[in-house]
Amino acid sequence: MSKLNKLLKQYKCGKKISCITAYDASMSKYLESLGVDIMLVGDSLGQVIKGERTTHNVSLDEIIYHAKCVRSGVKRSILMADLPSNTYETKNIAYKNALKLSSSGLADLIKIEIDANNMDIAHYLLTKKIPLCAHIGLLPQTIRSKSGYRKYGKTKSEAKKLYDIAIELDQAGAPIILLECIENTLAKRISKNCKAPVIGIGSGNGLDGQVAVIYDLLGISFNKIDMFTTNEKKSLDKKIINFKKRLQ
């Protein structure tokens with residue numbers, strides 16, 4: 001049984017899922033020792049590692065490099081990697097680049113940002129048996145101004161679009177759905193009506209799991225405020241444990 005199938009089986013038995021970013025072997029080994037389920041090699045590395053303002057300039061080679069580093073420290077946890085901006089513009093390009101991560105054994109899950117404009121690419125990857133984490137809501141790769149950083153799904157029309165996208169992805173067989181900055185009530189509704197586990201960041205606590213950027217937990221992110229532990233004087237392991245407790 002693959003690590004992903006094992007996690008999905010545990011989810012069906014009531015397990016909540018923890019997902020934290022990692023970009024190197026030491027951190028991934030440490031997080032695994034604390035029982036974190038998924039290590040995310042995210043394009044957030046553009047901000048927290050490279051010190052850039054957005055994720056837009058992260059390359060696939062950079063994701064592959066950091067995924068190799070993280071893989072060195074992981075034995076039991078799932079490794080999830082982003083396809084960064086401009087690496088899945090067409091079906092064939094998306095499939096080719098997803099294979100660079102999945103077929104090499106680097107990534108157990110491939111995450112892409114999805115809206116109504118690229119649902120066909122998501123469907124194509126799923127038909128090609130790519131283990132896809134479908135990321136909807138706030139999509140950092142497409143944001144061009146500060147106004148893009150907001151809660152999504154507050155209006156009826158936007159909520160319906162997001163709900164319909166999530167349900168369609170679930171029915172298409174996406175193993176995991178990730179919601180970023182989606183209105184909490186809508187996020188709960190999506191989670192309730194999807195067979196796949198729905199994890200989130202900035203989308204409330206009523207989901208099947210939570211995602212965190214490790215540097216946010218540390219309170220040292222280059223561009224972001226620590227939303228979980230601001231002003232708390234705790235060791236990192238206690239922060240991770242408290243993060244996992246939020247899933248219960």
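Which residues of H4 are buried? Leu60, Ile63, Ile64, His66, Ala67, Cys69, Val70 and Arg71. Buried here means under 20% relative accessible area, with exposed over 50% and partly exposed in between, using a 1.4 Å probe and protein chains only.

A word on the model. It is predicted: local features need pLDDT of at least 70, side-chain atom pairs count only at pLDDT 80 or more, and totals for chains, interfaces and linings use all residues. Residues are numbered from 1 along each chain as its sequence is written, and side-chain values use heavy atoms, leaving out hydrogens and water.

Helices (H or I, at least four residues) and strands (E, at least two) are DSSP runs, numbered from the N terminus.

Back to H4. This helix covers residues 60-72. Its expected span is 1.5 Å times one less than its number of residues. For 13 residues that gives 18 Å, and the end C-alpha atoms are 18 Å apart, which agrees. What do the buried residues of H4 pack against? Helices H1 (3-12), H2 (25-33), H3 (45-48) and H5 (91-102), plus strands S2 (38-41) and S3 (78-82). Contact means heavy atoms within 4.5 Å.

Next, a loop residue. Ser85 sits between S3 and H5. It counts as buried because its relative accessibility is 11%. Leaving aside residues up to four places away in sequence, Ser85 touches His56, Val58 and Gln141.

Now the strands. Take S5, residues 132-137. Six of its six residues are buried, so S5 is largely enclosed by the rest of the structure. Leu132, Ala134 and Ile136 lie on one side, and Cys133, His135 and Gly137 on the other.

Who pairs with S5? Two strands pair if DSSP finds at least two bridges between them. S4 (residues 109-113) runs parallel to S5, joined by four bridges. Ile110 has Leu132 as its bridge partner. S6 also pairs with S5 in the parallel sense, over five bridges. There, Ala134 partners Ile177.

S6 spans residues 176-180, and five of its five residues are buried. Ile176, Leu178 and Glu180 are on one side, Ile177 and Leu179 on the other.

Last, the second largest pocket. It holds about 310 Å³ of space. Of its 15 lining residues, the closest to its centre are Asp115, Gly137, Tyr152, Glu158 and Leu162. Helix H7 (residues 156-172) gives the largest share of the lining, five residues. A pocket is an open set of 1 Å grid points, over the protein atoms alone, where a 1.4 Å probe fits, with protein on both sides within 12 Å along at least five of seven lines; lining residues have an atom within 4 Å of a point. Volume is the space filled by probe spheres set on the points.
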